[in-house]
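Subject: Structure for you to look at

Hello,

I am passing a structure on to you. Please open it alongside this message.

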Amino acid sequence: MPYYAYCLQSEEGYHYTGHTQDRDVRMMNHRLKTTHHTKKGTNWRIVYSREFETRGEAMKHEKWLKSGVGREWLKKNIAGWSPPKAE
């Protein structure tokens with residue numbers, strides 16, 4: 001079974017980057033607010049996802065996405081990747 005590195009964006013513009021083996025269950029957890037880091041936002045959606053054969057590869061890619069280079073790549077390549085809306 002494959003693993004995935006993924007990025008989410010909320011309606012308010014918040015971002016979350018993670019990895020999982022089951023995207024459907026993980027998205028349900030995010031939407032039900034059972035995941036600590038995504039309790040703040042609403043209507044989370046996947047804006048980027050990449051499949052890997054191993055958990056280690058997915059974790060390595062997640063770490064890269066969270067790095068300065070990865071964040072810059074997301075800003076340039078993912079439509080709407082911007083800071084959260086002002087409250």
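What follows is a short account of the fold, the sheet and the helix packing.

The model is predicted: local features need pLDDT of at least 70, side-chain atom pairs count only at pLDDT 80 or more, and totals for chains, interfaces and linings use all residues. Residues are numbered from 1 along each chain as its sequence is written, and side-chain values use heavy atoms, with hydrogens and water left out.

Overall fold

The protein has three helices and three strands, where helices (H or I, at least four residues) and strands (E, at least two) are DSSP runs numbered from the N terminus. Along the sequence they follow the pattern β-β-α-β-α-α. The C-alpha atoms fill a box of roughly 40 × 30 × 20 Å along the principal axes. Buried residues make up 36% of the 87, buried meaning under 20% relative accessible area with a 1.4 Å probe, protein chains only.

The sheet

The three strands form an open sheet in the order β2-β1-β3, with antiparallel pairing; two strands pair if DSSP finds at least two bridges between them. β2 (15-20) and β3 (45-52) stand at the edges with a single partner strand each, so one side of each has no neighbour in the sheet. Neighbouring strands are turned by 15° against each other on average, direction ignored.

Strand β1 (residues 3-9) is joined to β3 by seven bridges, and Q9 stands opposite R45 in β3. Six bridges join β1 to β2, where C7 stands opposite T17. The hairpin of β1 and β2 has five residues between the strands, and G13 takes a positive phi near 100° there.

Helix packing

Helix α2 (residues 55-66) packs against helix α3 (residues 68-77) at an angle of about 75°, with the axes 4 Å apart. That makes α2 roughly perpendicular to α3, a term for angles of 65 to 115 degrees. Axes are lines fitted to C-alpha atoms, for helices over the stretch in contact, and angles run from 0 to 180 degrees between N-to-C directions. W64, L65 and K66 of α2 make the contact with G68, V69, G70, R71, W73 and L74 of α3, contact meaning heavy atoms within 4.5 Å.

Regards

Conventions
Buried < 20%, exposed > 50% of the residue type's maximum accessible area, 1.4 Å probe, protein only. Parallel < 35°, antiparallel > 145°, perpendicular 65-115°, else oblique.
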